[in-house]
Amino acid sequence: MSLADWVASAVPWSPADPPSSGTRLPRPLPHRIDSFLTFIRCYIKFKNDYYYLVFLSVNSISKRSLDRTKSRLTKSEQLLKVEDHDFTMRPGFGGPSIPVGVDVQVESLDSISEVDMDYTITLYLRHYWKDERLAFPSSNNLSMTFDGRLVKKIWVPDMFFVHSKRSFIHDTTTDNIMLRVYPDGNVLYSLRITVTSMCNMDFSRYPLDTQSCSLEIESYAYTDDDLMLYWKNGNESLKTDEKISLSQFLIQEFHTTTKLAFYSSTGWYNRLYINFTLHRHVFFFLLQTYFPATLMVMLSWVSFWIDRRAVPARVPLGITTVLTMSTIITGVNASMPRVSYIKAVDIYLWVSFVFVFLSVLEYAAVNYLTTVQERKMRKLRERVRILYSLPCTCGEPQPGPVMLESTFSDGEVSNLAEFVRTGYVAENVEKQERRLVQLSIANDANQNKKNVSGYIWIDTHAIDKYSRLSFPGAYILFNIIYWSIYT
């Protein structure tokens with residue numbers, strides 16, 4: 001039944017005879033009225049009649065009800081007098097800064113990411129301070145140990161990790177928090193935390209590099225006027241597990257330092273540093289990067305021993321080595337951040353790529369010069385045929401038609417002599433061929449005196465011969481210089 005229906009169904013009362021305080025309502029309330037409800041009476045005029053309307057007002061719960069729902073203090077909290085002090089304020093507020101000692105035990109160094117430039121570390125972080133408000137009488141001078149539930153009711157240092165990206169307190173099977181209170185008020189507060197923090201890495205010597213990272217701990221709200229943060233036992237405050245190892249790095253050193261950090265808007269803060277040095281294992285990169293690149297360069301040298309006319313053999317070999325080097329370079333850069341400077345591995349891979357590419361250009365030069373040589377040999381043979389097909393009365397060829405436009409090497413002259421001997425077996429023909437060569441050389445010498453800009457023929461076989469020595473020698477020299485600088 002709604003409130004309007006209940007009012008409409010009420011028994012009307014005469015204005016001359018208003019209802020008394022003891023008059024019973026004509027209809028019962030639609031729900032039970034408890035002892036904490038009160039009645040407020042008022043009159044309303046509805047169709048020239050008065051109706052009695054009851055408004056219900058909910059009073060506040062009585063003090064007895066509050067006491068029933070109020071959480072009771074545990075015996076330990078009563079012993080520590082938690083309710084008697086304001087733990088939102090630091091110990092000794094208004095006085096000198098409270099010293100808070102810190103020690104850390106590193107449980108594991110989980111991962112190092114070059115792409116994100118960060119690392120993940122799991123550690124036990126312990127705080128030591130004295131809060132006289134938590135002192136309690138004890139006959140045997142034994143401490144009391146609590147879990148994370150009491151931490152929310154007392155004052156604890158507000159530590160945070162500077163430059164951290166992610167962090168969390170372990171909560172399996174319960175929150176990994178321990179609080180230990182001694183009778184004189186000394187407190188030990190321990191946490192198990194995993195932190196992912198930033199590490200500024202320099203990859204100019206990658207993968208022959210050494211990285212230095214640090215984990216920084218600082219109070220968020222309290223300056224050095226309120227809280228003095230320090231390592232409890234100096235370098236001995238940092239403990240590490242002897243079994244800590246990484247697949248790519250060798251952990252060389254852990255040490256601690258303390259500095260002051262200044263913020264222009266808030267002031268000076270004590271900051272604790274956990275510094276560690278990581279040296280990268282190079283053997284993995286030797287197997288995955290350096291050895292394959294070196295083998296590709298050596299494979300490109302095989303083409304120097306292949307016949308220069310075997311185009312289907314030398315061209316695919318050169319293209320295959322170039323593409324393989326490109327794949328190696330792409331794979332290495334895919335696992336690295338896009339830095340704007342040159343890394344050590346880039347120098348090695350790109351120099352190796354240049355050697356492979358030069359071997360392809362070397363064969364292009366050899367093939368071109370071979371084609372030019374063969375063209376000139378064909379012209380020479382044609383002229384020799386024309387020469388010996390003409391009649392000669394003096395027994396010697398005429399110098400006019402036999403003058404050639406280019407010079408020839410000794411190898412070409414020998415090839416020409418062989419051609420003459422095989423084509424013309426007559427003895428007088430051999431004599432005429434020798435005279436032809438002599439006249440050609442003499443004529444060319446006279447032309448060089450007049451015009452220095454002539455054609456100089458290079459034996460194409462010599463290019464491959466020189467490459468067989470120069471390419472390996474230059475690459476070995478590069479490796480000696482490279483490894484002496486970066487190791």
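# Report on a predicted model: strands, helices and selected residues

S113 stands opposite D118 in β4. This is a predicted model, in which local features need pLDDT of at least 70, side-chain atom pairs count only at pLDDT 80 or more, and totals for chains, interfaces and linings use all residues. Residues are numbered from 1 along each chain as its sequence is written, and side-chain values use heavy atoms, with hydrogens and water left out.

β3 covers residues 98-113. Strands here are DSSP runs (E, at least two residues), helices are runs of H or I with at least four residues, and both are numbered from the N terminus. Two strands pair if DSSP finds at least two bridges between them. Strands of a sheet pair through backbone hydrogen bonds, either parallel or antiparallel.

| Pair | Bridges | Sense |
|---|---|---|
| β3 and β4 (118-130) | 11 bridges | antiparallel |
| β3 and β11 | five bridges | parallel |
| β3 and β12 (238-240) | three bridges | parallel |
| β10 (210-219) and β14 (267-280) | nine bridges | antiparallel |

β3 and β4 form a hairpin. Four residues lie between the two strands. M117, in the turn, has a positive phi of about 55 degrees.

On the β11 side, P99 has M228 as its bridge partner. V102 has W231. In β12, T240 is the bridge partner of V106.

β11 spans residues 227-231. Its covered face holds L227, L229 and W231. M228 and Y230 make up the uncovered face.

Is D103 buried or exposed? D103 counts as buried, because its relative accessibility is 10%. Buried means under 20% relative accessible area, exposed over 50%, and partly exposed in between (1.4 Å probe, protein chains only).

The side chain of D103 makes a polar contact with the side chain of Y128 at 2.8 Å. A polar contact is a pair of N or O atoms within 3.5 Å; within protein, one must be able to donate a hydrogen and the other to accept it, and residues adjacent in sequence count only if both atoms are side-chain atoms.

D103 also touches residues beyond four places away in sequence, including Y124, L125 and R126. W231, K232 and S237 are among them too. Contact means heavy atoms within 4.5 Å.

**The four-stranded sheet**

Four strands form an open sheet in the order β6-β10-β14-β13, with antiparallel pairing. β6 (159-162) and β13 (249-263) are the edge strands, each pairing on one side only. Neighbouring strands of this sheet are turned by 25 degrees against each other on average, direction ignored. The axes behind such angles are lines fitted to C-alpha atoms, for helices over the stretch in contact, and angles run from 0 to 180 degrees between N-to-C directions. Inside the sheet, I217 stands opposite L272 in β14.

S167 sits in strand β7 (residues 164-169). S167 is partly exposed because its relative accessibility is 42%. Setting aside neighbours within four places in sequence, S167 is in contact with T194 and V195. S167 and T120 are 47 residues apart in sequence, and their C-alpha atoms are 9.1 Å apart.

V339 is in the loop between α6 (311-334) and α7 (344-389). At 23% relative accessibility, V339 counts as partly exposed. Beyond residues up to four places away in sequence, V339 touches M117 and F203. V339 and D202 are 137 residues apart along the chain, and their C-alpha atoms are separated by 9.5 Å.

**Helix α7 and the annotated spans**

UniProt, in an unreviewed entry, lists residues 282-305, 317-335, 347-369 and 469-486 as "transmembrane region". UniProt positions follow the numbering used here, feature names are shortened, and annotations may be inferred rather than shown by experiment.

Residues 347-369 are 100% helix and 0% strand, with end C-alpha atoms 33 Å apart. Residues 469-486 are also 100% helix and 0% strand. Their end C-alpha atoms lie 26 Å apart.

E362 lies in helix α7. E362 is buried, with a relative accessible area of 6%. What does E362 contact, leaving aside its neighbours within four places in sequence? The residues are F304, R314, I463, D464 and S467.

**Whole protein**

The protein has 11 helices and 14 strands. Of its 487 residues, 37% count as buried. Residues 24 or more positions apart account for 75% of the contacts with a separation of 6 or more. The protein exposes about 29500 Å², and carbon and sulfur atoms supply 57% of that area. Accessible areas come from the Shrake-Rupley method with a 1.4 Å probe; for residues, only the protein chains shown count as cover.
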